[in-house]
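Here are a few exercises to work through with the model open in your viewer. Try each task before you read its solution.

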Amino acid sequence: MALILFLALGGTALAQEARLPSGEPMRAWPAADYDPAIPTLDGVVGHSIGAEITSHADMLRYLRALQAAAPDRVRVETVGQSWQGRDLVVVIITSPRNQARLDTVKAGMQRLGDPRRTDRAAAEALIRDLPAPVWLAYSVHGDETSGGDAALYTAYHLLAARGDGRVAQMLEESVIILYPLQNPDGRERFIASTLSARGSLQPDEEQGSAERDQPWPGGRTNHYLFNLNRDWFAQTQPETRAQTRAMLEWLPVAVADIHEMSTDETYFFPPPADPINPYQTPAQMRFREAIGRTNAEWFDRFGMDYFTRETYDLFYPGYGDTWPSYFGAAAMTYEQASARGLRARRSNGETFTYADAVWNQAVASLATIETVARERVRWLREFYAYHQSAIAAGRSARGGRYVLIPTQNDQAGADRLARLLASQRVEVSRAGAAFSACGDRYEAGAYVVDLAQPASRFARVLLDRTVPVDRVFMAEQERRRARDLPDEFYDVTAWSVPLQMNLNVERCGSAPRAELTPVDPSSTLVGRVENPDAAVAFIAPWGDRNAVAFLSAALRAGFVVRSADEAFVIDGRRWPAGSLVLPRAGAPEDMPAQLAAIAARTGVTVTGVDHSWVTQGPSFGSSEMPRMRAPRVALLWDRPTYAASAGATRFVLERHFGVPVTVLRGYSFADRALDRFDVIILPDGGNYGAVLGDGAAADLRAWVARGGVLIGLGGAVRYLADPESKLMALRREDAYREDAEDADEEEGEDPPTTVAGTRIVDEAAYRAAIEETGGPPDSIAGALVRARVDGEHWLGAGAAPSVYVLYEGNDVYAPLRLDEGENVVRFDAPGSLLASGEMWPENRDQLAFKPFVAIEEQGAGYVIAFTADPTSRALMDGLEVLFANAVFRASAKATPAE
């Protein structure tokens, strides 16, 4: 029978009660004869595919109904949960023969993915026998909803369509793995938003209507407001970890990450735009084009518009269309114009429906499977060849095949990096004893990555200091910049994980002669208490994230904790600045047991001392060893903050530091009693002055003077530095131009009606004549730059002498004068500033020596500016000690009146 997709009522109580129309009907595949034994979405949840935005709960109901109807062809497996407890599932669809041997298929793909244990003859036998896994992932952004419903259509079609001649080949030649909803929390937030704004007569197609104009933060992000399409290698979010863990079990040969884009667009599929990461292989690019061509054939047949080779690049390795490619897949992005509701009108007057969007996504999904299924052997053979070439490239890597992560000050960070790599199929080993290699000596506990392994390209793309951008592409960006056109980078140009974590990683050409033990990614660093019977105090070193978590937990447990402004020496051991001292006097008898539990949980080694005689640096009772307190922290939320920054800041505070946070909405900030808080943090954001109101700056100044600590991150520093706010003496700079002239007019003077005559003698002079005068520097897509820390200032306690900052945009601030405040961390000199990525020379020269962290003492409190966001994507581990100092040490240094 034909698939009947009629105008159905919405699947919510609100929709049913208001009798809302449900959009255009979804179309059936040409000549398809649908099996009535397979349930339709309408029959299970009450609306047709494309007639309503299906909720997460209804999606699961329907998928499990499909499994009940066809258990020999479909299996639904739960692989994880979102932050808000919603199930994350994979839907595995294939022929009954393949369904009965899924474990065998998985094992076979693992063997093909490691040619060291699978010779060519064994590989050919596997290639003849195995179906090719195809992974289709939908709706990583919660407000890009059509993908989730397209997953339902795709599943139904594969199980029920008897008139589509491709289906039998798809099921026999491939295993189709649908990941129907990557971000259920964001989807539910969007559905709640759009339903609450719907009228009762018809869907509103206006782009600016409340149905699609989402309130902050919108549905794009997950619970912690992370863009999950930047989290693939960072692995900070449970939604990401669930999908990547499942994907690495299957090792698919093709991956499509299915998105939406602006309403005025059409549909995008590969080939991708430039720049292309150099670790993408020619075979992967050919496969992407093959899938693009199949998509184009079907889109042409159905009269659907599309575009290729524009906007969506393959450079950053943390996308859903790049990360899988480092494990052998041809991975790609699809982008459908978003209806952001049930009906939309483009700026040119064209209208389309949610059902249209779902249909387009389903057509592309099926075309992807078709392309792989009809050339299964070729796809599997190239998958095997990818891993062969990865091993060979690693073995012959220029500059050394071994990556060494030596023991270092932030050993907890080195351990995290090793586990992060090992959790993503990178083989990492730990040395059980000291060893020598390449003329250096390494201590026990150092980590080794041999690049002669299947994941060598992935290891290099994360561990290399920089990944080069094609010079032809960069020349084109310079040409565009000269014409005042935006650059064509889609995201940042630098992401070196060791730099972001501020870790020392070295390359070596000779094999380490040491006993090496593979790293278990599930292992954790367990702390301990040394000398638990100490008579006087316990000391914990400062300088990494674990120490911050230990401090927070100890304060919440009620212990007295002091922190040294400078390094000190006791019993011949030097403790770094910031180290924590917990005196036994006045503490409960079970203090050692409580500290042991906290240390074990946070991974910190605590040492007991039997006296307090310090031979160098501040004594335990010194004013330079102030008592810490558990700060009451407020974080600005909602407008004008950028959701990604607000979410990452909250995540770092709560999940990394263990600090409870109160979030205050910007629009009601003026009504709050500020004295309830010790620290107020303004995340990166937009126009704070307009949202907070005229009186907010004065309230903040008075609160700081009474002993508060005000911290601004990234774009929020514009508000602090605005002369009208009078919150800081810091000032933002315009772009530096050597030939700039002081053309200021006297106040009240009329502008001249003519200008001085000039001669333009050549093209260069013409370009100079039309160049904009004044204004900010050109914007930077995102590069890692080096900054120097003033280790003598208490705000820099425990931080490394140099740190790396992800610099984006164009904000540059003049240094504070000595009578205004202190520039605790400043960007490095021009020649050593750029550590990784791409940066315009003019920006590099102007940013040099300018402040990254500046502090002003005002009354009893402090105002602290981080001119770039230290919490960006929760990736900048190397900056977390500085951020923690601003939260903990500044609030301890402040002197509020009792």
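**Exercise 1: A tyrosine in a loop**

Tyr490 sits in the loop that runs between helix 16 (471–482) and helix 17 (497–500). Keep in mind that this is a predicted model.

Task: Decide whether Tyr490 is buried, partly exposed or exposed, and find which residues Tyr490 touches, not counting residues up to four places away in sequence.

Solution: 
- Start with the accessibility: the relative value for Tyr490 is 34%. Buried means under 20% and exposed means over 50%, so Tyr490 counts as partly exposed.
- Next, list the contacts. Not counting residues up to four places away in sequence, Tyr490 touches Arg230, Thr311, Tyr312, Asp313 and Tyr319.

**Exercise 2: A serine between two strands**

Task: Locate Ser82 and find which side chain Ser82 joins in a polar contact of 2.8 Å.

Solution: 
- Ser82 is found in the loop between strand 1 (74–81) and strand 2 (87–93).
- With a relative accessible area of 5%, Ser82 is buried.
- Leaving aside neighbours within four places in sequence, Ser82 is in contact with Leu88, Pro184, Asp185 and Glu239.
- One of these, Asp185, is the partner: the side chains of Ser82 and Asp185 are joined by the 2.8 Å polar contact.

**Exercise 3: An isoleucine in a helix**

Task: Which helix holds Ile391, and is Ile391 buried or exposed?

Solution: 
- Ile391 belongs to helix 13, residues 376–395.
- The relative accessible area of Ile391 is 6%, under the 20% cut-off, so this residue is buried.
- Not counting residues up to four places away in sequence, Ile391 touches Asp114, Pro115 and Arg116, as well as Leu451, Ala452, Gln453, Pro454 and Ser456.
- Take Arg116 from that list: Ile391 and Arg116 are 275 residues apart in sequence, yet 8.5 Å apart in space, C-alpha to C-alpha.

**Exercise 4: The whole chain**

Task: How does the radius of gyration of the chain relate to the globule rule, and what share of residues is buried?

Solution: 
- Begin with the elements: the chain has 27 helices and 35 strands.
- The radius of gyration is 29 Å, close to the 29 Å that the globule rule gives for 898 residues, so the chain is as compact as a globular protein of that length.
- Of the 898 residues, 60% count as buried.
- Among contacts between residues at least 6 apart in sequence, 79% join residues at least 24 apart.

Technical notes:
Residues are numbered from 1 along each chain as its sequence is written. This is a predicted model: local features need pLDDT of at least 70, side-chain atom pairs count only at pLDDT 80 or more; totals for chains, interfaces and linings use all residues. Side-chain values use heavy atoms; hydrogens and water are left out. Helices (H or I, at least four residues) and strands (E, at least two) are DSSP runs, numbered from the N terminus. The radius of gyration is taken over C-alpha atoms; the globule rule is 2.2 Å times the number of residues to the power 0.38. Buried means under 20% relative accessible area, exposed over 50%, partly exposed in between (1.4 Å probe, protein chains only). Contact means heavy atoms within 4.5 Å. A polar contact is a pair of N or O atoms within 3.5 Å; within protein, one must be able to donate a hydrogen and the other to accept it, and residues adjacent in sequence count only if both atoms are side-chain atoms.
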